[in-house]
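Subject: Structure handover

Hello,

Here is the structure for you to look at. My notes on what was found in it follow below.

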Amino acid sequence: MPKEKRPPSRLSPAVKRLIQSVGQFIEHWGFMRLQGEIWAVVFISRQPVTASDVAKLLGVSKASVSLAMKELIEYGVLLQPGDSNRRNLPLVANENLSQVIVGVIQSREKLLIAQTAASLAPLSSKQNHGLELDQARVAKMRDLVSKADGLLDTLILMSDVGNSRSGAR
């Protein structure tokens, strides 16, 4: 897929590098690079910003920014202060990063773990699966999924404890 051409913006080279780096980092976590770049702009901005503002700063279409922002709002990464029915409403970043990470874990990773566990369930039978299965390895995979689920639960619990201590709830 060809990269979008971006016109020059008024952002300094240092801010552009930061935004691009955050976009790349967030992309490795399963989000779109543009979502990471949008989040970076909104997070470091002193004032709330609109989709139009972000589109101009990043040199991408407002439609692309609006779609990406919609998902970030659904995950609680971006917040809409005021009347949420208005279009092009200024947005702010959720500064409670623990809450954001836990929200994503609960809505995405926990779902993926549950789907994987459900996919492993029928593999314990001796029926023909089109591949001779090593049941010991299937059991190890089940154990790995269980441990990953437990790890996510621990992260969520640790965040809840940390938030209650700091009064961030």
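**The second largest pocket**

The lining of the second largest pocket consists of 13 nonpolar residues, one polar residue and two charged ones. Please keep in mind that the model is predicted. The volume of this pocket is about 470 Å³. Its lining has 16 residues, and those closest to the centre of the pocket are I26, W29, F31, I101 and V104. Three helices, α1 (13–27), α2 and α5 (97–120), each give the lining at least two residues. The largest share is that of α5, with seven residues.

**The nonpolar cores**

The largest nonpolar core has 29 residues; the members that touch the most others are I38, V42, V54, L58, V65, M69 and L78. At least two residues of this core come from each of α1, α2, α3 (51–58), α4 (62–74) and α5. Helix α2 supplies the largest share, six residues. Another core, of eight residues, lies apart from this one and includes I105, V138, V145 and I156.

As for V65, its contacts beyond the neighbours within four places in sequence are L34, I38, A51, V54, A55 and V60.

**A residue in α2**

Q35 sits in helix α2, which spans residues 33–44. Is Q35 buried or exposed? Its relative accessibility is 2%, and buried means under 20%, so Q35 counts as buried. Setting aside neighbours within four places in sequence, Q35 is in contact with A68, E71 and L72.

Regards

Key: Residues are numbered from 1 along each chain as its sequence is written. This is a predicted model: local features need pLDDT of at least 70, side-chain atom pairs count only at pLDDT 80 or more; totals for chains, interfaces and linings use all residues. Side-chain values use heavy atoms; hydrogens and water are left out. Helices (H or I, at least four residues) and strands (E, at least two) are DSSP runs, numbered from the N terminus. Buried means under 20% relative accessible area, exposed over 50%, partly exposed in between (1.4 Å probe, protein chains only). Contact means heavy atoms within 4.5 Å. On a 1 Å grid over the protein atoms alone, a cavity is a set of points where a 1.4 Å probe fits but cannot get out, and a pocket is an open set with protein on both sides within 12 Å along at least five of seven lines; lining residues have an atom within 4 Å of a point. Grid points are joined across faces, edges and corners, and a volume is the space filled by probe spheres set on the points. Ala, Val, Leu, Ile, Met, Phe, Trp, Tyr, Cys and Pro count as nonpolar, Asp, Glu, Lys and Arg as charged, and the others, Gly among them, as polar. A nonpolar core is a set of buried Ala, Val, Leu, Ile, Met, Phe, Trp, Tyr and Cys residues joined through side-chain atoms within 4.5 Å.
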